[in-house]
Amino acid sequence: MEEYILVEKGHPLAGEVQIEGAKNAVLPIMAASLLAKNNTIHLQRVPQLSDVETMAAVLSNLGAKVVRNGQHMHVEVPSILQTQTPEHLVSKMRASVLVMGALLALEGKVSVVLPGGCAIGSRPLDIHLRGFEALGATVQLSHGIIEASVDGRLQGAEFDLAFPSVGATENLMIAASRAEGKTILRGVAKEPEIIDLANFLNAMGAQIHGAGTDTIEIMGVETLTACEYEILPDRIEAGTFMIAAAITQGDVIIKNIIPDHLQPITAKLQQLGAKITIGDDWIGVQGNKDYQAIDIKTGPHPNFPTDMQSPMLAILLCADGVSTLTETIFENRFMHVEELNRMGAQIIVDGRTCIVTKQSLHGVRVKATDLRSAAGLVLAGLLADGETRIEKLYHLDRGYVDFVEKLQKLGAKISRHSS
Ligand code: UD1
């Protein structure tokens, strides 16, 4: 059964929208829960996403019991875990590799097949693996299977990341939490989700300092225990709704967020010409009909997030002048440009830069190519004359809870169907 979205240009969006817990925070936190052997972790504000279901299946396959009740989830960890992550789950979602650090630290070995996930570039794991080696593990890669092992406990060490990889920073923080002695990780990622993982690990009894800066220090502990933890709000979902408000010249309040985490997006929307009001845990966006071209370059936090690149491209199509959008994180993240051009956009891709001019769009049948491009195509559909049909919705469901329902509530002419 193929599902699709139909969307039309309509009234400006208006009203309030509530934001869920962050996908990119809950996945590493679920993986880190494995460190609580013989204990139960309680997580609050867990978003109902297919990626969360996939991570729950990964944990279940390793021997944990995962029970979910609305936005609450508990993870019961047994005394012995399996150390092989099933291929069909890892090939579905790259974040499955985040269980490596915990399994290596607890069981002394782990094996995973090379991962899948969104097809947005080569996305190697070299930094994760070099980091495990620095902590004393032996790593072998053959026939697409990674095997890592260590005699006894991992040993605290100093390690410089060649690039501030989010996943590698997380995997190494998890592993080092249970290593013997002190670990110093330099050149780490500084995303808010890294701070959330550190806060979660510390709530389990870890001793992590410096998350959110370039250097993280971890004093290893022998056991980590039960805790209760609430996942931070999803800044990418929030940013997507900010653009939806701006693109329809609407007036929307985005609630239950940490406005500071949205600063790079807020700054670009203001520069474009939208009016932004910032509250304690909300942001108001009022659109404008005269947007001016801007230049955007993605980069590690606090730069403009790569996950907002596709949604942002849609709004650049209604700005006067020539905008540029340069992608520096993933080399293959412009696959949706072809779909936008089929809708009438005349975006030129020059290496890692998109050159964008104002165009009127028309609704056609388009296919999502990855999670964030799915959202970008829906936003473009809100701009296009006629009806846009968006297919391959399993991409969207990986990262957005009730996206269609939330847009409907704000007044969008959008519906979801299956055939
Ligand atoms: C995470 C996010 C994803 C986001 C990305 C960048 C999750 C579940 N996913 O993905 O939504 O787009 O951060 O903000 O949190 N790299 C290497 N070697 C490595 C690891 C990474 O070269 O060992 C490269 C990748 O190929 C890529 C870049 O580093 O070009 C960024 O990757 P990374 O930060 O690791 O992204 P993910 O953790 O996979």
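Helix axes here are lines fitted to C-alpha atoms over the stretch in contact, and angles run from 0 to 180 degrees between N-to-C directions. Helices (H or I, at least four residues) and strands (E, at least two) are DSSP runs, numbered from the N terminus.

## Before we start

This is a predicted model, where local features need pLDDT of at least 70 and side-chain atom pairs count only at pLDDT 80 or more, while totals for chains, interfaces and linings use all residues. Residues are numbered from 1 along each chain as its sequence is written, and side-chain values use heavy atoms, with hydrogens and water left out.

## Two helix pairs

Two packed helices are described by the angle between their axes and the distance between the axes. Take helix H4 (residues 99–107) and H6: their axes come within 7 Å and cross at roughly 20 degrees. The crossing of H4 and H6 is right-handed, meaning that the near helix is turned clockwise from the far one by less than a right angle.

Now look at helix H8 (residues 235–247) and helix H9 (residues 263–272), whose axes come within 10 Å and cross at roughly 10 degrees. H8 and H9 are therefore roughly parallel to each other, and their crossing is right-handed.

## Around the ligand

The ligand has 18 residues around it, and Asp126, Ile127, Ser165, Asp307 and Ile329 come nearest. To be near, a residue needs a heavy atom within 4 Å of the molecule. Sorted by class, this shell holds 8 nonpolar, 5 polar and 5 charged residues. Helix H5 (126–134) and helix H6 (166–177) each supply at least two shell residues, and H5 gives the most, with 3.

Which polar side chains reach oxygen atoms of the ligand? A polar contact is a pair of N or O atoms within 3.5 Å. Serine 165 has a side-chain N or O atom 2.6 Å from a ligand oxygen, arginine 94 has a polar side-chain atom 2.9 Å from one, and for asparagine 24 the distance is 3.0 Å. Taken alone, the ligand exposes 740 Å², and the protein buries 86% of that (areas by the Shrake-Rupley method with a 1.4 Å probe).

Histidine 301 and proline 302 are joined by a cis peptide bond, with omega about 10 degrees. You'll find proline 302 in the loop between strand E18 (295–297) and helix H10 (309–316).

Glutamine 249 isn't a glycine, yet it has a positive phi of about 55 degrees. Glutamine 249 sits in the loop between H8 and strand E14 (251–255).

Key
A polar contact is a pair of N or O atoms within 3.5 Å; within protein, one must be able to donate a hydrogen and the other to accept it, and residues adjacent in sequence count only if both atoms are side-chain atoms. Ala, Val, Leu, Ile, Met, Phe, Trp, Tyr, Cys and Pro count as nonpolar, Asp, Glu, Lys and Arg as charged, and the others, Gly among them, as polar. Angles under 35 degrees count as roughly parallel, over 145 as roughly antiparallel, 65 to 115 as roughly perpendicular and the rest as oblique.
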